[in-house]
Amino acid sequence: MRKTPIAALVAAEIVSILGSRMTYLALPWFVLVTTGSVAKMTYVLAAEILPMAIFGIPSGMLVERLGARRTMLLCDAARVPLLVALPLLHSAGLLRFPLLLALVFLLGCFMAPYFAAQRVILPELVGEDERTISQANSLIEGGTAFAALAGPALAGVLIPFMSAPNVLYVDAATYAVSFLLLSGFVPKAKRAVDAVASGGVLAGIRFFVRDRLLAPMGATVIVLNFVGSAISATIPFHAFDVFESSRVAGLFYAAGGAGALTGSLLAMAVVKRIAPLRMAGLGMVAATLPLWLLPLGLPAWAMACALFSMMLFIPFVNGP
């Protein structure tokens, strides 16, 4: 396994995911402190997530045409000026709410292609040797799990010192660093991964909908992700409204990330003893139980424990 390109790829993905997770907290906190409106914060989060639903499937076609490395470079390069524009326009008094929604929507447009490219860049870079891919993927998964855990916590710590608008500059810098690492140390792919099947985007959707197992599983995942997104959106507002602290918001996100990371390790051990579908069913029940505690006005530490417990079982549902 070529160590320098893999190390650069791992570093680039960690830095980029770190920026994305920092934005998860910094962006809604920015909206809350500048507008004081939870409704506007919700609209902004919806504008960021909506492109994932619209362009999630077509983004795979984009990656197939451009290649994973070029797609990741494009996404990182595009998100730098978009993120920088938010605090710049705000400081100049030019950031009207419709413009904010448009910029955030554009930011979201580059999330789906980047995530799709992450899934296929390893075979492009190191070939299709299973052992090499497994080793490299373990490094990436571990690094991105750490970044997902550390990103919101870091944003929560930085906001009181730098303010939410200035933290967005840090987020933009992470994408710039990721771009430099990918362009400077990760070589171009020798060949793209061969397409497995053809027939267009709708062919895959028709197959998915008609399958007796995949269709109900997909519907379940959609509902769970919908609920998860709703909970994620309430976290910064709850920390802002009740605790008035970005650090508490960062603690909540970090607790959820720690639960998901711990759950992934447990699920890898449990899946050897329990059938995946049964494990998913048990995970769904166990993950919903802590939800009943969230509206009870818990102190910050108890809220963090509830979020940790909830996210602990999500990998049992999604698979380790």
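Is Phe252 buried or exposed? With a relative accessible area of 1%, Phe252 is buried. The model is predicted.

**Trp29 and Phe240**
- Trp29 and Phe240 form an edge-to-face aromatic pair, with 5.4 Å centre to centre and 85 degrees between the planes.
- Because Trp29 belongs to helix H1 (residues 3-35) and Phe240 to helix H10 (residues 214-243), the pair ties together parts that are 211 residues apart in sequence.
- Trp29 has a relative accessibility of 6% and counts as buried, whereas Phe240, at 26%, counts as partly exposed.

**Phe243 and Phe252**
- The ring centres of Phe243 and Phe252 are 5.9 Å apart and their planes are at 75 degrees, so this pair is edge-to-face.
- The angle of 75 degrees between the planes of Phe243 and Phe252 falls in the edge-to-face class because that class takes planes over 60 degrees apart.

**Charges over rings**
- Lys40 has its charged end over the ring of Phe97, at 5.2 Å from the ring centre.
- Over the face of Tyr114 lies Arg79, 4.8 Å from the centre of the ring.

Methods. Residues numbered from 1 in each chain as written. Predicted model: local features only at pLDDT ≥ 70, side-chain atom pairs only at ≥ 80, totals over all residues. Heavy atoms only, no water. Phe/Tyr/Trp six-rings, centres within 6.5 Å; stacked < 30°, edge-to-face > 60°. Helix = DSSP H or I, 4+ residues; strand = E, 2+ residues; numbered from the N terminus. Buried < 20%, exposed > 50% of the residue type's maximum accessible area, 1.4 Å probe, protein only. Lys NZ or Arg CZ within 6 Å of the ring centre and 35° of its normal.
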